[in-house]
Amino acid sequence: MASVSPYAKRFVSELTRQQIRRLIASGVRIDGRALDQYRDITIRTGVVNTADGSAEVSLGRTRVISGVKIGLGQPFPDAPDEGVLIVNAEILPHSSPYTEIGPPDEAAIELARVVDRGIRHSGFVDFKRLAIDPTKVYVVWVDLYVLNDDGNLVDASNLAAIAALRSTTLPVAVKDESGVIKLDKNNRVAMPTDLSKVPLSTSIGKIDSALFVDPNLEEELSLSGKIVITISQSSIVSVQKTMGFFTESELMQAVDMAYSAKQKLQEAVLKSLV
Amino acid sequence: MKQPPVPLLVEGKRADGRAPDQMREVKIEVGVVSNADGSAMVSYGNTVAVAAVYGPREMHPRHLSLPDRAVMRVRYHMAPFSTKDERKSPTPSRREIEISKVLREALEPAIFLEQFPRSRIDVFIEIVQADGSTRVASLTAASLALADAGIPMRDLVIGVSVGLINGVVVLDLNGLEDNYGEGDMPIGYMPNLGRFVLLQLDGAWTREQFAEALKLAIKGAEYVYGKAREALKAKYFEVAEEVAK
């Protein structure tokens, strides 16, 4: 397995691309947004009643469903007193005419790992409280399903993951007669999450030297650089440059944009989640 | 926070005796795989990466070639015996797939790909021995192997890692510091152009620590760049001597 430069099958016409790039130079975006403006965000939780927690997020026309399933498992040897988090992403063949059927490719793997790192390093989920005894812990599976790709899958997936985790209830762990730990699905407690530590990612696109948040699909196909910065409270908890290059001053500008975008995202999250 | 087996930082000295802004010993050798068009071996302390480059050559399958530029194919892979833990399965892990992708995206901005339409450039990187900072040692090795192959580049790409230990920003994490530190930030930098082409981060960093980390990474990359230039030149001085004989 190796990483291959993707075939440019997701066309955007040269006219559109030039229009996007020319407008950005004067601070205007193809869909009329300001450089620091997100598309409309809606977050709904409890959308799948077979999951232990779920959410659906729309970011403009981008749609992601997240489902959480809780299981029992062994802790990792280097963290014996913590529960286990596993994030997986599927970019469904539904999501665009250019997505193929198959196991997660490098884009889906990267998407899952970037979301995973934000949650892991933010303290949003209290993994210590997911340990049951020295050999048994809760395993939290977060599956991200991209239904429609209109750009910025990372931010939509991150919101879907945190909303689904927030809505998750844990089946209580009980010992049966022979002392084996089992999950009682009829007896549930809330997932230990702390909304004040919620990790919020901001994807930032670059065209020439202009930076802007939340690129849509047409913009993504016209970018010369892209970086994702995730912030929790006042800390930067995850960064991933995914395209092109950035200078030192562009990086500091991107970090400042992420800090101010985080404030607005947090308002949207707090409005939708209890 | 996990407790390290030994303190990571005591009175400004790290567990292996280094100062916070000090690299481990950097060794670079160019032309280590005679069959490859270009190759390099880079070690940062105990971390050893070997890169080999083949190409530009014909793209197979041909329908994946690009009409206006070369395709890059990058594989980062760890040898099963390269870690201190149990044998690592040789099957590419999700981590290795992600690293292959970010390394490709770090190398692409450095190469004049548009000079080689419909062809491909292969970069194979193997971690022979791992002790932290493997992806950045790989990046330095890969860019030197590309230069050794004579592929036209805008600049060398130098990889260095920066980390956070007890709130102090440090250069070039070893395996111990990577496991038990509070943050890790692998960086790829073009020293002549001042461009960051690889940037990942995890942990919990303040804005000020982030800014300091960028500065320290630049300093580290400039130091490694000096060594990289020497190694590249050394190979061609050898060639020149042979020709003169």
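**Close-up views of a predicted two-chain model**

View 1. Strand 8 (residues 169-175) and strand 9 (residues 181-190) of chain A are joined by seven bridges and pair in the antiparallel sense. Strands here are DSSP runs of E with at least two residues, helices are runs of H or I with at least four, and both are numbered from the N terminus. Two strands count as paired if DSSP finds at least two bridges between them. V172(A) has D184(A) in strand 9 of chain A as its bridge partner. Five residues separate the two strands of this hairpin, and G179(A) in the turn has a positive phi of about 85°.

This is a predicted model, in which local features need pLDDT of at least 70, side-chain atom pairs count only at pLDDT 80 or more, and totals for chains, interfaces and linings use all residues. Residues are numbered from 1 along each chain as its sequence is written, chains are lettered from A and ligands numbered from 1 in the order in which they are written, and side-chain values use heavy atoms, leaving out hydrogens and water.

**View 2. A sheet with strands from chains A and B.** Eight strands form an open sheet with antiparallel pairing, in the order 11(A)-10(A)-12(A)-13(A)-11(B)-10(B)-8(B)-9(B). At the edges stand strand 11 (210-213) of chain A and strand 9 (168-171) of chain B, each with a single partner strand, so one side of each has no neighbour in the sheet. From one strand to the next, the twist averages 20°. Strand 10 (residues 200-207) of chain A runs antiparallel to strand 11 of chain A, and four bridges join them. In strand 11 of chain A, F212(A) is the bridge partner of G205(A). Helix 4 (residues 207-244) of chain B packs on the sheet, and its direction makes about 140° with that of strand 8 of chain B. Such angles run from 0 to 180 degrees between N-to-C directions, with axes fitted to C-alpha atoms, for helices over the stretch in contact.

**View 3. Two helices crossing in chain B.** What angle do the axes of helix 2 (residues 134-148) and helix 4 of chain B make where they cross? They cross at roughly 35° and come within 11 Å. The contact (heavy atoms within 4.5 Å) involves T140(B), L144(B), A147(B) and D148(B) of helix 2 of chain B, and V224(B), A228(B), L232(B), K235(B) and Y236(B) of helix 4 of chain B. Helix 2 of chain B is mostly covered, with 14 of its 15 residues buried; buried means under 20% relative accessible area, exposed over 50%, and partly exposed in between (1.4 Å probe, protein chains only). After helix 2 of chain B comes G150(B), with a positive phi near 75°.

View 4. In helix 3 (residues 153-166) of chain A, the end C-alpha atoms are 20 Å apart, which agrees with the 20 Å its 14 residues should span at 1.5 Å a residue. That expected span is 1.5 Å times one less than the number of residues. Of the 14 residues, 13 are buried, so helix 3 of chain A is largely enclosed by the rest of the structure. N152(A) sits in the loop between strand 7 (136-148) and helix 3 of chain A. Its phi is positive, near 55°, though N152(A) is not a glycine. N152(A) counts as buried, at 0% relative accessibility.

**View 5. Two cis peptide bonds in chain B.** Most peptide bonds are trans. The bond from G55(B) to P56(B) is cis, with omega near 0°, and P56(B) lies in strand 5 (residues 47-58) of chain B. H60(B) and P61(B) are also joined by a cis peptide bond, with omega about -10°.
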